[in-house]
Number of protein chains: 2
Amino acid sequence: MYRSHNCGELRASHSNTEVTLSGWVQGVRDKGFMIYLDLRDRYGITQLYFDEESTPKEIMEKASKLGREFVIQVTGKVVERASKNPNIPTGDIEVLVSELNVLNSSLVPPFTIEDKTDGGDDVRMKYRYIDIRRNPVKNKLIFRHKVSQAVRNYLSQQDFIEVETPYLIKSTPEGARDFVVPSRMNEGQFYALPQSPQTFKQLLMVGGMDKYFQIVKCFRDEDLRADRQPEFTQIDCEMAFVEQEDILNMFEGLTRHLLKEVNGVDIEKFPRMLYDDAMRLYGNDKPDIRFGMEFGELNAVAQHKDFGVFNNAELVVGIAVPGGNAFTRKEIDNLIKWVKRPQVGALGMVYSRCNDDGSFKSSVDKFYDQEDLAKWAEVTGAKAGDLICILSGDKNKVRAQLSALRMELAERLGLRDPKVFAPLWVIDFPLLELDEETGNYHAMHHPFTSPKPGQIELLDTNPGEVKANAYDLVLNGNEIGGGSIRIYDKKTQAIMLKHLGFTEEEAKAQFGFLMDAFEYGAPPHGGLAFGLDRLVAILGGQESIRDFIAFPKNNSGRDVMIDAPAPIDDQQLEELSLKLNLKS
Amino acid sequence: MYRSHNCGELRASHSNTEVTLSGWVQGVRDKGFMIYLDLRDRYGITQLYFDEESTPKEIMEKASKLGREFVIQVTGKVVERASKNPNIPTGDIEVLVSELNVLNSSLVPPFTIEDKTDGGDDVRMKYRYIDIRRNPVKNKLIFRHKVSQAVRNYLSQQDFIEVETPYLIKSTPEGARDFVVPSRMNEGQFYALPQSPQTFKQLLMVGGMDKYFQIVKCFRDEDLRADRQPEFTQIDCEMAFVEQEDILNMFEGLTRHLLKEVNGVDIEKFPRMLYDDAMRLYGNDKPDIRFGMEFGELNAVAQHKDFGVFNNAELVVGIAVPGGNAFTRKEIDNLIKWVKRPQVGALGMVYSRCNDDGSFKSSVDKFYDQEDLAKWAEVTGAKAGDLICILSGDKNKVRAQLSALRMELAERLGLRDPKVFAPLWVIDFPLLELDEETGNYHAMHHPFTSPKPGQIELLDTNPGEVKANAYDLVLNGNEIGGGSIRIYDKKTQAIMLKHLGFTEEEAKAQFGFLMDAFEYGAPPHGGLAFGLDRLVAILGGQESIRDFIAFPKNNSGRDVMIDAPAPIDDQQLEELSLKLNLKS
């Protein structure tokens, strides 16, 4: 037996008990005649005490040679401390050591095992197994476990069945690229790793499974942007005999349960917003509604004056920054510089200060009088003391730019409080999205999403206008889940695939099994998938998902700890009937 | 809203309630003036009733056109039945339908949706989504969910943390072949899919995570034997600061909990058996101890007579078949034929009948007298009425053959009762196993398993004699879990890899990260992994795992439903810097 207690549980009530502890040496203070040692394990830190008078000499000597991160086992008596440490739960006691067993030594760790470490990202990733000893990382992994367990228990109580779907499936054109897996037993053929279990969960509905979920790894071979991973985890859900309303209620219930269970936050009813309104009011289909700064469209009150920039713009749109009139000229200049960054891409920013006396002072006073500016304030909801920031240009672009500015300002103003949770359903997404490069439409959600009743005819005439039974769950400006009511008859699915540019042969080759399934009594069904990595990070009050993943990959898709991917040997390639065809 | 109730919940107490149900048409009995329809969903079957007098004519007509597996929605009144059906939970009521909505039609299904179907394996696999509607398949998937949930909740309560380890890792020589995944972003390099998260769980222990588990998919590109799958699920577990005893106790606790929770069976303490004893007494490292028929080694009492077959054999070994003297001559001849099948491979079988009067009648009476045969009975524990079956030959081969015969006889005698659960720990496995073809030793468990204390020196002199801190959990003759206490210092790991034939460079390339990790304070640790597919099947009283997997692959590793694997297009290959190199 390596330990009778862990390093986080001893209290004054254990005084005079003999205990055995095991753990890592967090630090040693050697004063010669006495040695204090902090022993750490997953559960906490306990102070060990060696003292010339009561500790055998050879143990004193052994103890004095211990280095950071050595693994030791000690036996000793729990003693109440003279001077207690109120900062740690075990601070009332220490253990007077009578036996010491060095289980393993340690090289000097490449960074300090403290809440604030001196290690940079790269070295921490290479030595991830050491980084995990640090509370911030360890606690995030434990937090993730708790969220996953809460999800599973809640959904199980709601009669959902977790069904494992296969990982070795078939390559499908679902937007991103598939990772493929060559088959040795089926020469020249490949499996693909799932981008999601989409078709399988629909087949489970055809199979009568009715309420399905799965916490499951998914894979996308995308060029990685920051904070994306080639493998990620979904809470994948599907229900049969449901309408959109049933789905929203069910997963609002799940999310409410998590907020309550994990964060202790009660949220009564989640607001809902039409996609079109989200774009109009926030320039974004995942608005952060922890704060206001809704967009005010100013075309009617700002165009047809002599200011050509506005007159030539498709959209003139502004936000009122609360208290923004306090910004110095330099701060405003910085904002203007900020919106011109290539990542944002605005050509410029017009502003109007709302003075305390009710007057306005704008950057375009040459073209607009006080009455005009008062209208701007009215439309954007600006009050005395605010700053109105205005961008103009092509509608889609300028919305995205002002949305970025809104988020940046909220960040600077401290309005994005990670302890505040503002969930939001965004509903009635468009069915199709225009690819501006190719001029083709593709599915905004995926090819299995059903159009709103009665709108399928619009596909031929106004494809961009067709709305879908599709919805996203947004939390604090992040899409944490999304889904749709699915097509469940072969004919509609065929029409949809045709409009997405599939020939009949392609549709049959890719989705024949699903369309066949629709002919054998497919029930109406729909579902939703949460991104677990993101969900956990937001519930944990963080923006970055990386530390909620035990062994993440870097932005080139590499695991720098194990050094993967890596070349394989010629025999393996030969067995797989493959040859390298290197470009470089 | 598609339904107010499901098809399994209405009772007499619901009489006169108006309800809405949705589901599949299980069957229709159309008597012209009245129609009975069985409506089925996941939860059960409810009888619907249409009647000329009270049902509108157009609904009667619609109902008369419904076919099997049509999906419908009905509204109607719950009525207590005149003649109740005690065989189904809803048998006290029927629903008198007032509204009927056909949600989807169905082609005639390729097989009947009944507990006993007329569909063969192949057609059921192709239309798996229909097969899942059948109770035997559906219930197995639900059962699997319950077992998984019970595992997760139990281990969570024991402070285990479920940590997701990566699926895109590095190819390692762990016995079976890896599936590999070409990386587009890292030209000419490959990820591998994990055969198990072995190294990652060990790194989590180095990371202080202390108690880890994960229900996780694993992958092996093996030539598939019956009832093996290229992807399978493990309950993967690891603990730090533990000895073998701690691990056995913990997972005996888990298994006991499952038997109690899932099967309602109380089992106090699991017996333990040395590997050497299991081989000696059952010829097998996973003995089924639901029944006796232990081996009796007969060399001392059967050799050195004139029977050359026995004299020349390394081992003469027999079992007493309870009541086997009742076998006819033909039945015994059949047994002799059975052991000669190529799958068993024995050259012949000697037997001795134990007559009720205490006399014996053997197939080798020419060589052995009654006194000799009495000794055989004594050694094998045969009683009057039994049959002693004896095989002889090379020790390892004959043990395997007699083990096969023992299982076959138990099957024929009905001793393998799936409702009886006999768990068993087999401990003290050999560290290494001789590959008789190559003459090399390889790790019996895996290269990370630690030898028994003090035995590492034997590696140089008697490698086959070294015992490991390795154990298997056996249930009803199936290995349901196995694990070991791991090596946790770099030096021992290096010695072990050297003995397994790795050069220093190979060891570094493959396992460098793990051996590095051992230098930064690795704690003593060990673990175990359960095969979930097998565990669930056995708890469910079945031998085959296939129906406990929602979408299994066939023996060529193909998913015949979605037709995977499949060729990929040239552009995909090009992007992956690969060319096909077909042999055929």
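**Reading burial and side-chain pairs**

Author: Asp131(B) and Arg134(B) are both buried, where buried means under 20% relative accessible area, exposed over 50% and partly exposed in between (1.4 Å probe, protein chains only). The model is predicted, so local features need pLDDT of at least 70 and side-chain atom pairs count only at pLDDT 80 or more, whereas totals for chains, interfaces and linings use all residues. Residues are numbered from 1 along each chain as its sequence is written, chains are lettered from A and ligands numbered from 1 in the order in which they are written, and side-chain values use heavy atoms, with hydrogens and water left out.

Reader: What joins Asp131(B) to Arg134(B), and how far apart are the closest N and O atoms?

Author: A salt bridge is a side-chain nitrogen of Lys or Arg within 4 Å of a carboxyl oxygen of Asp or Glu. Asp131(B) and Arg134(B) form one, with 2.8 Å between their closest N and O atoms. Over all chains the count is 86 salt bridges. In chain A, a network of salt bridges links Asp121(A), Arg124(A), Arg128(A), Asp131(A), Arg134(A) and Asp547(A).

Reader: Which parts of chain B does the pair Glu238(B) and Arg486(B) tie together?

Author: Helices (H or I, at least four residues) and strands (E, at least two) are DSSP runs, numbered from the N terminus. The salt bridge between the side chains of Glu238(B) and Arg486(B) spans 2.7 Å, N to O. Glu238(B) belongs to strand β10 (residues 231–240) of chain B, and Arg486(B) to the loop between β21 (478–485) and α14 (490–499) of chain B, so the pair ties together parts 248 residues apart in sequence. Glu238(B) is buried at 0% relative accessible area, and Arg486(B) is also buried, at 2%.

Reader: Where do Asp277(B) and Arg280(B) lie?

Author: These two residues are three apart in helix α7 (residues 275–282) of chain B, and are therefore separated by about one helical turn. Asp277(B) is partly exposed at 24%, as is Arg280(B) at 34%.

Reader: How many aromatic pairs does a search of the whole structure find?

Author: Rings of Phe, Tyr and Trp (its six-membered ring) pair if their centres lie within 6.5 Å; planes under 30 degrees apart are stacked, over 60 edge-to-face and the rest tilted. The search finds 43 such pairs over all chains. Phe200(A) and Phe551(B) have ring centres 5.0 Å apart and planes at 65°, so the pair is edge-to-face. Phe200(A) lies in helix α5 (residues 198–206) of chain A and Phe551(B) in the loop between α16 (532–539) and α17 (570–575) of chain B, so the pair joins two chains. Phe551(A) and Phe200(B) also form an edge-to-face pair, with 5.0 Å between centres and 65° between planes. Both Phe551(A) and Phe200(B) are buried.

Reader: Which ring does the charged end of Lys140(A) sit over?

Author: A charge sits over a ring if NZ of Lys or CZ of Arg is within 6 Å of the ring centre and within 35 degrees of the ring normal. For Lys140(A) the ring is that of Phe548(A), with its centre 5.7 Å away. Lys140(B) lies over the face of Phe548(B), 5.7 Å from the ring centre.
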